[in-house]
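Please keep the sequence and the structure in view while reading.

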Amino acid sequence: MRFLKHVLAALSISLMAAASAQAAPDNPQNGVDYRTLDKAQQTDSGKKVEVTEFFWYSCPHCHALENDLVAWVKKQGDNISFKRVPVAFRDSMVPQQKLYYTLEAMGKLEELHPKVFNTIHVQKKRTDTDAEITDFAVKNGLDKAKFLEVYNSFGIQSKVKRAAQLAQAYQIDGVPLLAIDGRYLTSPSIVAASIGNKPEPVLHAATMQVADWLVNKSKQGK
């Protein structure tokens with residue numbers, strides 16, 4: 001029985017890999033596997049290709065993509081300059097934007113960014129309001145007074161406004177979404193419209209393949 005389970009597990013992995021390979025677009029098409037902005041946005045990444053993830057902490061699809069995205073960014077290395085922009089489609093999402101930029105300003109983003117996702121999607125704890133977010137910060141070792149000072153600062157408010165401007169400029173209508181070189185957009189949902197409603201690991205693999213292709217395309221144009 002144990003041997004049979006191992007065989008079935010191996011078969012399942014093989015089938016998933018095969019499905020991923022078949023579904024991944026080898027020659028991505030504009031308007032199908034990715035979109036091109038009518039007006040390219042200015043980037044400041046020099047010879048590197050700028051890649052920006054637009055995301056929302058409470059988005060389950062953003063959480064699902066996180067590990068694959070982090071691995072892809074690591075693989076790209078010096079080819080890209082990677083950034084994130086938290087979005088707010090409504091006012092109730094602004095506190096999580098402020099959380100992201102506060103962690104960044106306090107030098108705690110690398111440590112606590114994955115913990116925000118874990119708290120919301122694994123531990124199933126609400127982290128939406130100012131009070132809930134402050135509670136998260138304190139439980140994760142941040143000084144309450146210092147956190148609130150940064151969280152409510154003019155600098156963080158300015159970054160939130162800038163995030164709104166970027167979301168509008170990039171025509172963000174859903175997350176997660178990757179913007180590449182200030183002009184190309186791709187995401188699991190865009191790729192799904194091309195290859196069909198596949199399991200998330202397949203969509204992630206296809207998205208990363210499209211992103212690879214767009215990074216290479218952008219490098220050639222620099």
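Predicted model: local features only at pLDDT ≥ 70, side-chain atom pairs only at ≥ 80, totals over all residues.

Residues are numbered from 1 along each chain as its sequence is written, and side-chain values use heavy atoms, leaving out hydrogens and water.

**Strands**
- Strands S2 (residues 49-55) and S3 (residues 80-86) run parallel and are joined by seven bridges; strands pair if DSSP finds at least two bridges between them.
- Helices (H or I, at least four residues) and strands (E, at least two) are DSSP runs, numbered from the N terminus.
- Phe54 has Val85 in S3 as its bridge partner.
- Between S2 and S3 the chain passes through helix H2 (residues 60-76), in a right-handed β-α-β crossover (clockwise from the first strand over the helix to the second, with the strands pointing away from the viewer).

**Aromatic pairs**
- The structure holds nine aromatic pairs (rings of Phe, Tyr and Trp, the last by its six-membered ring, with centres within 6.5 Å; planes under 30 degrees apart are stacked, over 60 edge-to-face, the rest tilted).
- The Tyr34 and Trp213 rings form a tilted pair, because their planes meet at 40°, with centres 5.8 Å apart.
- Tyr34 is buried at 6% relative accessibility, whereas Trp213 is partly exposed at 27% (buried is under 20% relative accessible area, exposed over 50%, partly exposed in between, with a 1.4 Å probe and protein chains only).
- Ring pairs also link Phe55, Tyr57, Tyr100, Tyr101 and Phe117 into a cluster.
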